[in-house]
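Visitor: I am new to protein structures, and I would like to learn how labels get attached to parts of one. Could you show me a model and take my questions?

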Amino acid sequence: MFNFSYYTPTEVLFGKGTENETGRMVRKYQGTKVLIHYGSGSVVRSGLLDRIKASLDQEGIGHVELGGVVPNPHLELVYEGIELCRKEKVDFLLAVGGGSVIDSSKAIAYGLADPDRDVWELFEHTRKANGCLPVASVLTIAAAGSEMSNSCVITRASDNNKRAYDDDLSRPKFAIMNPELTVTLPDYQTQSGCVDIMMHTMERYFTQGGNMEITDTIAEGLLRTVMKNARILHADPANYEARAEVMWSSSLAHNGLTGCGNDGGDFSSHMLEHEMGGMFDVTHGAGLAAIWPSWARYVYRDDLDRFVRYARNVMGVTDEGTDEEIALKGIEAMEAFYHSIDMPVNMSELGIHPTPEQVEEMAERCALATGGSQGSAKVLHKEDMLKIYQMAL
Ligand code: NZQ
Ligand code: ZN
């Protein structure tokens, strides 16, 4: 077990009707003028936006709004948000939506805290943030875990560059999670979300060291729970209990809990997927499903004990055989699970067909974004990344 820091300052309000507490929570965290940030309209159509505004009005808290965040959120809208917030003297960022809206809000919040410098420098990793205005969310999709995480992922659309910046400064003040709000999601988004949730824990599970029994047991329980409830929601999207299980799992999977004591995690699948998302604008979770099996087949021999444990404890493999055989059965079972919820297991099933030049470019960019290498289960360099992309075609 390694030493660790576990920092989760986000207050969680969970359950039916909690969105009506938004005004009270903003007041509690001393917001006086709020930017309500949202996406392409689901929160308008559902009436949620009006309820949030009413809740803020009730507390006498001023607000302006900015919609238009797209999945794989754009830097260009972040700049627009910074300008608007400066003009309107906004002091609190309220994201009403999913990971994309929360990340766009975090990026605006970084930009406002240091208005004389280009916020994109953070994503290029040429400097660190000095500050970040308070951010909070009313979550409408269980997936990215951004509602409690220290991550922020932004795409510069002008050159399809998708980059992450991690910093505890952006950890949200509060997260309002009403599972009922996720009922309107298309099944593809629900299932992509479930894949992403699982991946946040799997990235922390497939490591070379520092594993704690308690952390592993929580991780395995979380993975089994999400798989079970993803299947339930595939057949019965209105099932509240399943929505709730998945929603709470989304936060626990990415707030650091399932990484306590380990070596920081692997995160190669995420870095490989970010290039697919940048170049082809794919849904993040579906992109992860399309790359993970190839990553797993490429690295499993280097982390065999973990893959065997995963096959046994998560995927329920009971067969006899060599460790390699058991590990491979675990990977196959994962692919079967993805198929059972209509998720892809390669890029072709995902609907993208990169040319050899594009594959090369993704590997090049991934190596650049990771500073040359990435991974714990197996450390990957550009040549390894290239091979995994080729396997995943
Ligand atoms: O824009 P609207 O109209 O709201 O539609 C959204 C969007 O099209 C829709 N949606 C959300 N809630 C809905 C709904 N539709 C109907 N009913 C609802 N209740 O779902 C679509 C996807 O939304 P998005 O916010 O993009 O989903 P998600 O939460 O999966 O976020 C994905 C983004 O988060 C990043 C990803 O890379 C991607 O850019 N990530 C952020 C992380 C973080 N900050 O910690 C970690 C993750 O690994 C991930 O990289
Ligand atoms: Zn993710």
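Visitor: Which of the 32 residues around ligand 1 come nearest?

Guide: Good place to begin! This is a predicted model, and in it Ser 40, Ser 42, Gly 99, Ser 100 and Ser 149 come nearest to ligand 1.

Visitor: What makes the pairing of Ser 42 with ligand 1 a polar contact?

Guide: A polar contact needs a pair of N or O atoms within 3.5 Å. A polar side-chain atom of Ser 42 lies 2.7 Å from an oxygen atom of ligand 1, so the pair meets that cut-off.

Visitor: Which part of His 200 is 2.7 Å from an oxygen atom of ligand 1?

Guide: For His 200, an N or O atom in the side chain is 2.7 Å from a ligand 1 oxygen. With Gly 41, a polar backbone atom is 3.2 Å from an oxygen atom of the ligand. Both pairs are within 3.5 Å, and therefore both count as polar contacts.

Visitor: How much of ligand 1 does the protein bury?

Guide: Taken alone, ligand 1 exposes 960 Å², and the protein buries 90% of that.

Visitor: Which elements give two or more residues to the shell around ligand 1?

Guide: They are helix H5 (99-113), strand E6 (151-156), helix H7 (187-205) and helix H10 (268-280). The shell also draws at least three residues from each of domain 1 (11-181) and domain 2 (187-391). By class, the shell has 10 nonpolar, 19 polar and three charged residues.

Visitor: How many cavities of 30 Å³ or more does the structure hold?

Guide: One! About 60 Å³ of space lies in the largest cavity. H7 and helix H9 (240-254) each give two or more residues to its lining.

Methods. Residues are numbered from 1 along each chain as its sequence is written. Chains are lettered from A and ligands numbered from 1 in the order in which they are written. This is a predicted model: local features need pLDDT of at least 70, side-chain atom pairs count only at pLDDT 80 or more; totals for chains, interfaces and linings use all residues. Side-chain values use heavy atoms; hydrogens and water are left out. A residue is near a molecule or strand if one of its heavy atoms lies within 4 Å of it. A polar contact is a pair of N or O atoms within 3.5 Å; within protein, one must be able to donate a hydrogen and the other to accept it, and residues adjacent in sequence count only if both atoms are side-chain atoms. Accessible areas come from the Shrake-Rupley method with a 1.4 Å probe; for residues, only the protein chains shown count as cover. Helices (H or I, at least four residues) and strands (E, at least two) are DSSP runs, numbered from the N terminus. Ala, Val, Leu, Ile, Met, Phe, Trp, Tyr, Cys and Pro count as nonpolar, Asp, Glu, Lys and Arg as charged, and the others, Gly among them, as polar. Domain bounds come from an automatic or database domain assignment. On a 1 Å grid over the protein atoms alone, a cavity is a set of points where a 1.4 Å probe fits but cannot get out, and a pocket is an open set with protein on both sides within 12 Å along at least five of seven lines; lining residues have an atom within 4 Å of a point. Grid points are joined across faces, edges and corners, and a volume is the space filled by probe spheres set on the points.
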